[in-house]
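Hi,

Here is the structure I promised to pass on to you.

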Amino acid sequence: MEYPADQIVGFPENFLWGASSSAFQVEGAAEEDGKKLSTVDLNTRRKEGRASSDVAADHYHRFEEDIDLMAEAGFSSYRFSISWPRLIPDGAGAVNQKGVEFYHKLIDGLIARGITPIVTLFHYDLPLALQERYRGWRSRQVIDDFAAYCRLVFTEYGAKVPYFLTLNEQNMQIVYGDWLGLADQGVAEFRQSQWQINHIMNLCHATAVRLCRELAPNAKIGPVPGYVPLYPASPRPEDVLAALNADEVTQKMWLDLWVHGEYSNFQMRYMHDHGTPPEMLLGDTELLASAPVDFIAINNYRSNVAAYCGLDDQSREIGLNKDGVPGQFVYPKHPGVFQQTANPYLKMTDWDWEIDPMGLRFSLRDVHNHYQLPLMITENGFGAHDTLTPDGRVHDQYRIDYLKACIQQVQLAINDGVPVFSYNPWSFTDLISTGNGISKRYGLVYVNRTEDDPLDLARIRKDSFYWYQSVVTSNGRLGLWG
Ligand code: BGP
């Protein structure tokens, strides 16, 4: 729908404006004050020539300065994750009081500044000890250990935090395979066990929802999928069905389960044909069915195109662009299901991500049409090679252009009737990317460091900071349409 300018409603008065981060990408202090390593910490260390999570953006030591800057920007929300191995260094057993105190200070500091904490329980940082002890997500033991961790989080912070998120982008962790170290014995082995891993993650998700109800009854909890609209390559029915397939097998399968509490016939069939279906034990079905969510949080950066892929075609794994030189992305092929292709109508970032603000509105409409739940946006952003210019500034007009177009689309989705209640772009300060160190920057605030030298880690407000500040402080009345 298009609307005349005078018919575009504003953002609701209590709309939450903020930004987003995750522990291993922003905190640093990877082995300090009792914290031990996570699987993803180790992963970042293995990426040659890339900044690791050892220092990252040093938020652990500079969080007061960072939340002062958030207050200056006028934020009313901040989405971040708690590090499991900072709270329970070995994944199970002894609690690290210094870690517990750190998040109390962070949460109290936010609340004192009028900023609502939105807390992710798990953002890729599985305690390394659990990977070494029983291969992490491959063992059902992780469900009990995750439950103990969640119990600690809800008991300590549940009265202060109104919104919790379960496992960040569980769907993408499975779809991308070897992206974050899940394929520790190769992609072929991972593909055989992926549905078992995913099932165990689903049980962890459901366990977290149930514990939240019990221990933090005033808080709301929801899942946070990576959401990528899937457009058909053409009106050819084969392509349209391929897009439907792609949508199901990369995201709707997960959302259906989290919202409806059971695997659909389609999912069961797909899991059976692509790997090994999960082992269902007594009580699993009941657990999954007993954990309806309160809202859905979505992370959206781009859209994809799907085309027909015949059964006799060669299968091909996705290949992410990891160095920011355009043209590296490898489009995956799933014979009999779909293949991903380029979108001739959209420009791409240097990392070959389609630039598609309207895709955000599409996502919000699509998810709300299917599930009829309130929505928040927990990630959306523009990764770029930013430059600190001789005037001591970062002129990131490209990021302003992108975020402005995205927020316009959020406003239009609200006009369409979608109940969106919070927007948190990725990221507040620069932080380390999942695969590209510090070279792929997303922040509204520049962090002065290079890949191999932490320099002074100074915080420098980018042009996008000032622009976003005007949007936030005017509740979207300034900076969007003029
Ligand atoms: C999301 C992750 C984030 C973040 C973001 C940008 O999928 O939840 O952790 O990193 O993507 O991705 P990247 O860092 O690879 O550019």
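Arginine 135 and glutamate 189 form a salt bridge, with their closest N and O atoms 3.5 Å apart. By salt bridge I mean a side-chain nitrogen of Lys or Arg within 4 Å of a carboxyl oxygen of Asp or Glu. This pair links distant parts of the chain, 54 residues apart: arginine 135 is in the loop between helix H6 (128-134) and helix H7 (141-157), while glutamate 189 belongs to helix H9 (residues 187-215). Helices (H or I, at least four residues) and strands (E, at least two) are DSSP runs, numbered from the N terminus. The whole structure has 35 salt bridges.

Before you read on, please note that this is a predicted model: local features need pLDDT of at least 70, side-chain atom pairs count only at pLDDT 80 or more, and totals for chains, interfaces and linings use all residues. Residues are numbered from 1 along each chain as its sequence is written, and side-chain values use heavy atoms, with hydrogens and water left out.

Now to the ligand. There are 15 residues around it, and Gln25, Glu169, Thr434, Lys440 and Tyr442 come nearest; to count as near, a residue needs a heavy atom within 4 Å. The shell divides into six nonpolar, six polar and three charged residues.

Some side chains come within polar reach of ligand oxygen atoms. For glutamate 169, the distance from a side-chain N or O atom to a ligand oxygen is 2.7 Å, and for asparagine 168 it is 2.8 Å. The protein covers 96% of the 370 Å² of accessible area that the ligand has on its own (Shrake-Rupley method, 1.4 Å probe).

Two backbone details are left. Most residues other than glycine have a negative phi, and most peptide bonds are trans. Alanine 29, in the loop between helix H1 (23-26) and helix H2 (39-45), has a positive phi of about 50°. Tryptophan 426 and serine 427 are joined by a cis peptide bond, with omega about 10°.

Best wishes

Definitions and conventions. Polar contact = N/O pair within 3.5 Å; in protein donor to acceptor, adjacent residues only side chain to side chain. Nonpolar A, V, L, I, M, F, W, Y, C, P; charged D, E, K, R; others polar.
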